[in-house]
Structure formats: structure tokens, C-alpha cells
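Hello,

Here is the structure I promised to pass on to you. Have a look at it first, and then read on for my notes.

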Amino acid sequence: PPPPPGRDGTRQACVSRWAAMGGSGWFGPARATTEPGMRMVPVGPGLPRWAGLHLPGEGPNVVVYGLDADGGVAGSHWQRVLRNHRIHGIKERRSPSPEAEPRTLAVFGGKGLIVLELCARGKEVSLTELCQLCELHDWIWDLQWLAGSTGTLTHVGLALGHNSVALYDYASHRTLREVHCEEKCILYSAYLVGDSWDELVVVAGTVFNQLVVWRVADGSDEEARIKPQRRVSGHDGVIFSICYLKSKGILASASGDRSIRVWDVGDLQAPRDPVRCLLVCYGHQSRVWSVRLLSDYLISIGEDSACIVWNYNGEVVQSFRGHKGHSVRAVAVHEARGWVATGGADTGVRLWHIRGPEPNGNGLVQLNFSPPHRNGSPKAVKLVDASRLLVMTDAGAIYSYNLASKCWALVMEDVNYQSYCLLEVVQLAKGIVLCAMGNLTGHVKVFSLCCPTESEEKRLYEGKVHSLSWAACPGGDPSRHVLFASGPGGVLLWLEVSCCSSGRVASVVEKCCYLLPVCRHRWHTSVAFLPQEGVLVCGDRRGSLLLFPCSTALGSDSGNRPVQGPISLLFGLHGKLGVTSVTCQDGFVYSTGRDGCYRQLQVQDRRLQVLRKQKPCKGLEWIEQLHFAPDGNLLVLGFHASHFVLWSTRTNEKLHCVPCGGGHRSWSYGRWLASEVFAYIKSGDILVYQSRCGPSRQHVLREPLHGRELTCVRHVGTIRNRGCRPVDILVTSSEDMTANVIAVSESSRSLAPLAAIGDHISSVRALAVASGSWREETADWSAVLFSAGGRAEIECYRLLLSCDHDARRGVACQVIHVASHQLDEHWDRMRNKHRGCGLGPDGELVPAMALERPAQKLLLVAESFHHQHCVLRVETFMHRVAGDRRRHFLCSAATDGSLAFWDITATLEHAAAALELASGELQPFALGAPSLTVQAHSCGVNSLHVRQTAAGPYLVASGSDDGSIHICLVAVDTALSEPSPSLPWDVVPPGASAGARVLLLEAFSRPGAHAAHVTGLRVLRPDLLVSASVDQRLTLWRLGKDSLVFLGSRFCHVADVAELDCWGSEERGYGCVLCGQGLEIVWCMARAGPQPLPSCRALE
């Protein structure tokens, strides 16, 4: 059978548990395989500050989150407890007194068990070990605290992996008894019920898709196997989780057949015969990992990253979907407060709120458009505020509707605006509501909602008005507002609207006239001012962004209006379907479009510059607006097929999803302090969706990292925050097509994502970081990042990192997209079918060419097909020669185990010269034959690193699929231009380019250095090397003249290690970060330079 979930080494929030205050209590641990019972613990006198404590297990560590009354994090504590085991369960011992403090916890996982004392006093939380780590002979699936025959409190019952139960005394580290079931098989789940050994009942989920119920007291002696009392069948898949609710006498099971089943078992001491299935719930799209039973609800989590709340009729009450990628692995519930915590394979921990029945006023309402003296059918709808909306008909009538009183009223009627009419509404700071209308004959009418009969009307064009939009006055005058109107010929007019103190429109004055670029759909869709720059940004129906000055016009057309064109143009930035909105926030410009992306831009030297492009979620192909919430959350409004969607980028979930029929209709959305309203026209009527804004129904206790396996990690640099504490900046890439910039704080043992990059169209396979530098003039750290992956795609970014006291972790990160390139087109011409890219970690080869042209394009300047197998790794290194000149070298490694070295200096120089002369596309140069080829391994090379020694030669270390490590010492000889067979180890092939040659001086291998693929290694010092492997070992080696000497090894909790990167610190030694099925940082307590070798316990 496949291995049980949660045993694969994934770095995740494996277990969740609550310590609840205010009359609530602890709720048992939850994971993909075991569901211990529920415990109620009253308030402790020393816990007045928090409403609850949440304890997730992350690898071998326990993290304690102190939560306030709303579910937000008010404090945290971290402690490593299980060493080489991963936590799979946490159980609290029942206290004899409700006021007992501190609490005793049993933490178990794998074959390990430890008992802790949890004490919370004010702001301080402490975990004290009451015993040493206990190691058992089998996996622990569940644990139950038991009362000893003499009143001892150190006995626990353990359900083990091969359907046995052990009575264990953790104080003496002894197994007092162990009994076995007659059903001898591997278990996928187990559940223990009972307070003493004689009462203990086991419910086991076997590999045969059955539930087996047996009592440990039924065994006559320890040698005999116990016959099961009941066998419960019904599932068609493996049973991953079991939960029992004694008050209802029901048992729930979750299975790989995607179902949750509820069984009527009664008292487990004497279960009913036969056991009836009361309920079968299907709602998950994949395997169900865990189920919890509450008094009114069932809660399940699954491989589809969903947490579903059911009632006992089998109906879905709520569905929580916020975790990235595959699987929600853990769940815990605080029933009294309605809190549900989930931990996912994305390393995120989230807190959800179970809501009761919807309050009055929430939901979708059809208005049945029938005002008195109705004239025409609805053509446009606009929200005024949370309680009012306006509807315009095809007969030129405007009606208002009060959502509270449910009353219609006629505002005005004008037959000149029938059939075709535009309607735009804005509310000023003083509560004045201005309305603007445009028609086929070029007329624009502006009126105040409080004085609709006193309007201002102007004929602006000879043809129809294509679009209208309001914008705040750049001067900040509350009595004035700006209206933009587009007409025939791409003419865009800036109209300034002034109001009297009574609210009446006093005047409408043309201030400026602009001309849009020639295209088929030549009208604007949105406008925003950048007052500090003295410009305005405009988006048009063709998908372009334009920058116009706010000053007087520069020229004139054949008419009387002064006209000026754009000073900066990004043509078709959002595709042919148009720009939907332009917003200015914190000095940046944000644009959205119907291409499914939003972009961040800045105005520099009166030019628009795109910083980055983001796709908020899969399937949201029409993005309409961005809303910047006061709490820093970015809300995205858009349409997914026929549904209106409000997406939260912080929590990665749909806050609202309304089946409106799509965005090709008149609609309006408004968000206020007390409510949110979405109104739209469908089938000739007005429908309104209302939602009352309450406290957030979700809190992110720990931010997620990636939704799938990590493929690469690179260290960018180390900066110091406001407390002068070091913060390490890492970049990670993943199979989920994203790269993340994260800040790692060693003092708090936490990481925080700073920026997410999602420009790739396939998995990101490789990263390279050019050496960063501190810029004194801007007080930030600047580095260049390259990412490459599937579909032969390479992206280039500039990272700007700065200390920001207001930002989380005290670090702010700005990502600027520089260039991108795909090799598909060129390789198709070459009839080459490779579709992957790799980058050397130094990043020296590509950046020089990427920034060669003002357009900042990545250009293919050279290529080689020397390797007849897949190239897995590349490294670049630089050699300084006389006159402070530099020569650049490339080292590549392939699946045939060979290493090849090229001198690429001349190639780069020729390419640079050709770029200056070329008027068209540059044809790539051929690298020719390599200067040196070394057969280092018998199979694929998965890791490669080059480091120069103090004497000048270069150490080249490589690791292979066969678990071996190869070391070679190479030297660069610039004196000879022709091959010399007299040199030792000289294997320069015929046809090699003249110039500097690479000579092999020494070479040796260490077979069997690891038990599996060596996927990462780094030469820390000329005498020190560290390697990582799929065998989950990080090993430190002494590098001798012709041998590798083992110094020490450490077990790593990251499974399927894909990459290793290292960096040095004078105070902390060497940092080693591993990625794969998770992320882990280990410190090597060794110093740079000629220092004594570290001991075997140097890895922490």
C-alpha cells in the first residue's frame, strides 16, 4: 500500500490543537491520519490576555500562537521538541481541577514521544520538558492519557502502527504492557477511547478499508491476540481518520474514496450490532484526510485543499478554500467560539469562523423593477451608497431605489437620452452626489441628485459620447470634481465641475483636450491623477496606458480646442480587450484589464515604467478593479466565467461569488464600512447582492509559501532591521509556477513572504542571483534575479530591499520586472525538442547581455550542443589575469556524468560588438568545443559548485544520482594558446578555441557519500564541504588533498531535497538552506578563513 499521508517529510502544519479560555477548552489534535478526542479545560487564572492558544506542530517544532478575542495573533512561542521526528499529535492530560495551571501535554510523532508542561503567564509562554524523548519500536497513531492503578499520572496508552496497543510509563521510559489484535495488519488510522487500561477501546482503520473495534481488556494474556468486537465495512478506500462523539454515540470515518461516513455505534464499550451507517457525505474532490465531530456540525479536510463544514443532514454549511496547492493536512476546532484552524501543505496556518444563519439583508434579492409610471426597461445601474441605487432606462428615465425602505422614485426624464445613454455617478466628500449622462448626439448633462432639474448640459462632439468617467480634482478642492469624456476621433476632454454650497451644479468648464492614439476602439476607459508628478494616467479600450501632462496644451488641431498627445505610451499593455481601471496608490500606478492580470507601474522621468505583472488567481480572466483595504489587504474585483468574484490576495480565497451571468452587462459594486453591495441587470430586472461587513472570517496565523514542491532556493543577502538584528533574504521557486522573496528572522525563528512573482507559464526550475549591493543614495539593497523553467522561459527582475519600520519584519521589497525571453521559437527552428532551462548561481553570464540594449531585452548570444544528453547544471566563474582583466568560464554538467569547461570570454566580447552593429536580430554564436571535459560520474550530475582557492586553482565539486561526490582541482592557463600534450591531465579536445585553457590538476571521488541522489553541495572553505541528498541527510566533510573525510551529519525534515544554498556570516558561521518538500535552514558553526575544523555536532 502507499505510505500513510503525513509520513512523507512534508514541512507543514501537521497538527493543530487549542488551549481555550473563557469556559472553552482543548480540542484534540488533528492530522491526516489520527483524530484524538475532545477535551474541555476551563479558564486558568494566569491567562487573562488571550482568548485561546493554538498549537500547530511544524516538523519537530511546536509553535504556540496566542489569539485575541477576534482570532488574531497576539503572540507566539517556538520550541524544538521531537528532534528527528515530525509531530503528528498533541494530547493534553485532563486536570483534576478546572483551575489547574500549568497544563501537561503529550507530543508524539513517528516513533517519538515527549511530555511537556505548558505555562502561560501574561505575555509569556513557556514549554518545559518533563521527560526525555522516548523512542518506541513502532509508529504512534494515537495517544490516550490513562489513570494508573495506584493513581500514577505518568501512564499513557499508545495505538501503534501494526494494530497493537502499549501501556507506557513516560517517567521510567518503559513499556509496561503491549497487546495485539487478531487482525494483524498495517493501520492507516487509530482512535483510543477510555480513561483506564481496562476501559480502553481501540477503533482501527485497517489497510483492508475496514474499521475494527476491539477492547484491550479482552486479552487473557499478553501472548494471545485479541479478537475484534466489531468489523465495520462500507468504504471503498483506505480510512485515514476516525472520530468518536460519545454524547451522540456516533463514529465518523474519512476515507480515500472521497467520502465521510457517520456510523451509529452507541457506547464503544458494547457497540451496537450491527453498526448502521447514518450518513454518507460526498463533497471533496479528492481523498479526505481528516474528520471532526461537533455537537451541530461535522468538519472535514482533504487533498483538494478544502475544509468543509457539514450539518447532520449531510448538507454543506460552509466551504473554506484558502490554502494553496495540494492538501489541508490538519484541523482543530474551538466550538464555543466557532473557530476552525487548518494547516496546509503550503506551510500556511489559517483561522476560520463558522458562521451561523445569514443575518437579515444578506444574500441575493431580485427587485422586480416596477416603479410608479414605469417608462422603459433598465439599461444601466449605478450604486450611490450602501442604501441607494440609480437605474436608467432605454426611454431616458432615471429612477432611484432605497434598499432599506424598498421604494422607487423618479429622479428625472429626458427623451434626448433614450435608446443610447451613458450614466456615471460619484459621491463627493460633503455627501453631494453628481450624475453625468452622455448620448448619441455628443451631449453631456451633469446634475446633482439633490437638484436634478437644475442641470448643466453641453454639446461636446458632433458624434456620440463613447465613455464618461469621474476623477477626484488634483487640487483637492471638495467643491469641484473632474469629468472625462471621450468622443469621435479619439478626443478626450477634461471637464471641471463646480458645485454651490446647496449642492447644485454651478458650472461645467472644459479645461484641457487630449488626443488618444489611432486604433479601432479609440476611447478611454479610466483616468487617474498623479498630482505629485503633475500628470494623469489614462487607460483605453485598446488595452493601452497613456501618460498626459496636466499643464496647458502644447498644440492645436483644426478646431478651436488646444490638443496634446501622450508623453508616454504603453500600447496594448493589457491586450486587445482593454484596460478596465487605473488606480494610484502610495505613489504607484495600478492598472487592470480583461487579460486576467493587474500591473504595478511607476512614473519615472515622465515615462511610464512597468514594475511587475501579477495574475491573482487561476480562472479570473476579467479583472475589473482593485480595492486597497485599510488593513493592507488587496481585493480584486473580476469575473470568472459567468460569476462576479471578489478575491482576497492576502487570504487567497473568494470572499464573494455571485452568479450574475458575466461582466457584459451593466453592474455596480460598492464597499462601505457596514456592508458590501453588488447590483446588476439580468433578464430585464435589477438584482442586488448584499453582504454585511463583520469581523474577518479568516485570519492567517502563518503565511503560506508555495502550493507545490520547491525546486530551487537562493540566498540574496542579509540586511539588518530596526533592532539591528540580521534578516536573511531568500528567493524560492516551485512547481506552482511562482517564485517567492522571503525574509527569515533567526531571532524569532520565523519567515515572512515579502513578494510573490508569478510571471512564468510553467514550473520554475532554476534561480540565479547576481551579487547584491547596498546603495547609499537610496538606502536599499539592490540585486538582480533570474528565474528559468519550463517552456524554455527566462525572466529577469531587479529586487530593491530596504529597512521599513512600518513593514512586517521591518523589511520592504520592491520587485521590478526587467526583461523576459523564451527560447521556444529559436529551438523550433533548430529542431531541438528540449524545453527546460538552467542557470548558474552567480548569474554573471546573462545579466551583461540582458542590459546591453536600452530596451533591456534578454538575448541569446551563444549556444552549444556539445552534450548529447540533458544538461542538468551550469556554473560560471571568473578568472582575473594581468592588467586586472577578467576571463569568464562556464562549467556544465549532464546526465551522462560528464563535466565540460568553456572559456566564453571571446564569445561575450564578439557578441557585445555584434550588438552594437546589428540592426536586426542577433544570430547566436557557437561556443565550439569545450576546453576541458571530465567524466566525473557514471550517471547524472544533480549538483555542482565551483570555488577558487587562495593559491589560484579552482575546486569543482559535483554530486551524482549514484550518491557519489567528485572533487577536481582545475587551473586556468592563459599563457598557452595551443594544446600541449606534455601538460598533466591535459584532455583538451581538437577544435578548442585558442586562448585561456582549463587544466585538470587533481581529481578524486567519494563513492557512496550518500544513500541516494546528491542534489546539493557547496564548498564552504577550501577545506570544508557540505552536501545534501534525497536521503534527508545534511553532511559536513573535510576536504583533503585526495579524500573526503566525514565530520558529521544531520537529519533534515525536508523530503525530496531538490537544492542547497549556503552563505557565510562572521557572527553565525555558515547558513545552509534546503528546499524540496518544504524549506529548512541549518547553521554550521564554522568560521570563514583558516579556522579549526568544526566538530561533528556543528550543524544546528
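D586 counts as exposed, because its relative accessibility is 69% and the cut-off for that label is over 50%. The residue lies in the loop between β51 (579–585) and β52 (588–593). D586 also has a positive phi of about 55 degrees, although it is not a glycine. Please keep in mind that all of this comes from a predicted model.

R83 is another one for your backbone checks: this residue is not a glycine either, and its phi is positive at about 50 degrees. You will find R83 in the loop between β6 (73–80) and β7 (89–92). While you are looking at torsions, go to the peptide bond from D273 to P274, which is cis, with omega near 0 degrees. P274 has its place in the loop between β23 (259–264) and β24 (276–282).

Now for the chain as a whole. It has three helices and 87 strands. Of its 1100 residues, 58% count as buried. The protein chain exposes about 43700 Å², and carbon and sulfur atoms supply 49% of that area. Among contacts with a separation of 6 or more, 51% are between residues 24 or more positions apart.

Is L705 buried or exposed? Its relative accessibility is 2%, so L705 counts as buried. L705 and D346 are 359 residues apart in sequence, yet their C-alpha atoms are 5.7 Å apart in space. Leaving aside neighbours within four places in sequence, L705 is in contact with K324, D346, T347, L710, T732, N740, I742 and L1079.

Strand β13 (residues 155–160) is worth a view of its own. Six of its six residues are buried, so this strand is largely enclosed by the rest of the structure. H155, G157 and A159 point one way from β13, while V156, L158 and L160 point the other way. On one pairing, strand β12 (residues 140–146) and β13 are antiparallel over six bridges, and Q144 stands opposite G157. On another, β13 pairs with strand β14 (residues 164–169), again in the antiparallel sense and over six bridges. There, L158 stands opposite A166. β13 and β14 form a hairpin with three residues between them, and N163 in the turn has a positive phi of about 65 degrees.

Further along, four strands form an open sheet in the order β72-β73-β74-β76, with antiparallel pairing. Strand β74 (residues 898–903) is joined to β76 by four bridges, and the two run antiparallel. Within that pair, L899 stands opposite V934 of β76.

In the model, the chain over residues 232–265 is 0% helix and 59% strand, and the end C-alpha atoms are 10 Å apart.

Best wishes

Technical notes
Residues are numbered from 1 along each chain as its sequence is written. This is a predicted model: local features need pLDDT of at least 70, side-chain atom pairs count only at pLDDT 80 or more; totals for chains, interfaces and linings use all residues. Side-chain values use heavy atoms; hydrogens and water are left out. Two strands pair if DSSP finds at least two bridges between them. Buried means under 20% relative accessible area, exposed over 50%, partly exposed in between (1.4 Å probe, protein chains only). Contact means heavy atoms within 4.5 Å. Accessible areas come from the Shrake-Rupley method with a 1.4 Å probe; for residues, only the protein chains shown count as cover.
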